[in-house]
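Please examine the structure below with attention to its charged side chains.

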Amino acid sequence: LKSNPSNNEEKEAQTQLTKSDELQRLHSQALSAYQQEDYEAAISLLDEILAVCVWDAELRELRAECYIKEGEPSKAISDLKAAAKLKNDNTEAFYKISRIYYQLGDHELSLSEVRECLKLDQDHKQCFSLYKQVKKLNKQIESAEEFIREGRYEDAISKYESVMKTEPEVPVYTTRAKERICHCLSKNQQATEAIKLCTEVLQLEPTNVNALKDRAEAYLLEDMYEE
């Protein structure tokens, strides 16, 4: 404005200044809502700011935190992926993305994201610790599935039992392991055990198609045709 004081530019400058003040006000409100654990309100305010400040990595990270608290992991991942691109060497974003995938049971994507973190900083303590855990789990699951493809059901069962010991804290891995063990028992003609285990899985996930099919196979072995 000082270098070129024309009416048009003054109007434009005033508009932008007003908008800037408004965004700062919204930012304060968003932080306050976040601190008061009103994540829904914080998200709504951050939506307004990010519609204008599209390239702000910190705001995206804050919104991702709110999404995590609100139980919307896929939206959190989307914001964190943007933040990882917008900010150089953003190891924290890759770490968080990897953790979310891990909690969701997607161990392969979790492994690939934590590797991105270690590419940026091979001494990153949290990423290295997560990497070791995911890699171990990933290897056990791959080898169990290999045994199933080869028809080595006893070995696969033993390997999936190891999966449950490796990750007892995240329920999705226990449920998946039980589902696959039921499959092996059914294929191995161990009908009674298969029915018991598949029933456990179906109590947690009534629409689990694999468990329904494997339990049906086990019922057939027992001549329980109605079931």
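Predicted model: local features only at pLDDT ≥ 70, side-chain atom pairs only at ≥ 80, totals over all residues.

Side chains of opposite charge can pair when their charged atoms come close. In this model, 18 salt bridges are counted. One of them joins the side chains of Glu 113 and Lys 81, with a distance of 4.0 Å from N to O. This pair links distant parts of the chain, since Glu 113 belongs to helix H6 (residues 107–120) and Lys 81 to helix H4 (residues 73–86), 32 residues apart. Glu 113 counts as buried because its relative accessibility is 9%, a value under the 20% limit. Lys 81, at 33% relative accessibility, counts as partly exposed.

A further salt bridge is found between Arg 176 and Glu 205, at 3.4 Å from N to O. Arg 176 lies in helix H9 (residues 171–187) and Glu 205 in the loop between helix H10 (191–204) and helix H11 (209–221), so the pair ties together parts that are 29 residues apart in sequence. Arg 176 is partly exposed at 35% relative accessibility, and Glu 205 is partly exposed at 24%.

Arg 152 and Glu 150 also form a salt bridge, and their closest N and O atoms are 3.1 Å apart.

Finally, consider Glu 61, which is located in helix H3 (residues 57–69). Glu 61 counts as buried because its relative accessibility is 15%. Leaving aside residues up to four places away in sequence, Glu 61 touches several residues, including Leu 80, Lys 87 and Asn 90.

Notes:
Residues numbered from 1 in each chain as written. Heavy atoms only, no water. Helix = DSSP H or I, 4+ residues; strand = E, 2+ residues; numbered from the N terminus. Buried < 20%, exposed > 50% of the residue type's maximum accessible area, 1.4 Å probe, protein only. Contact = heavy atoms within 4.5 Å.
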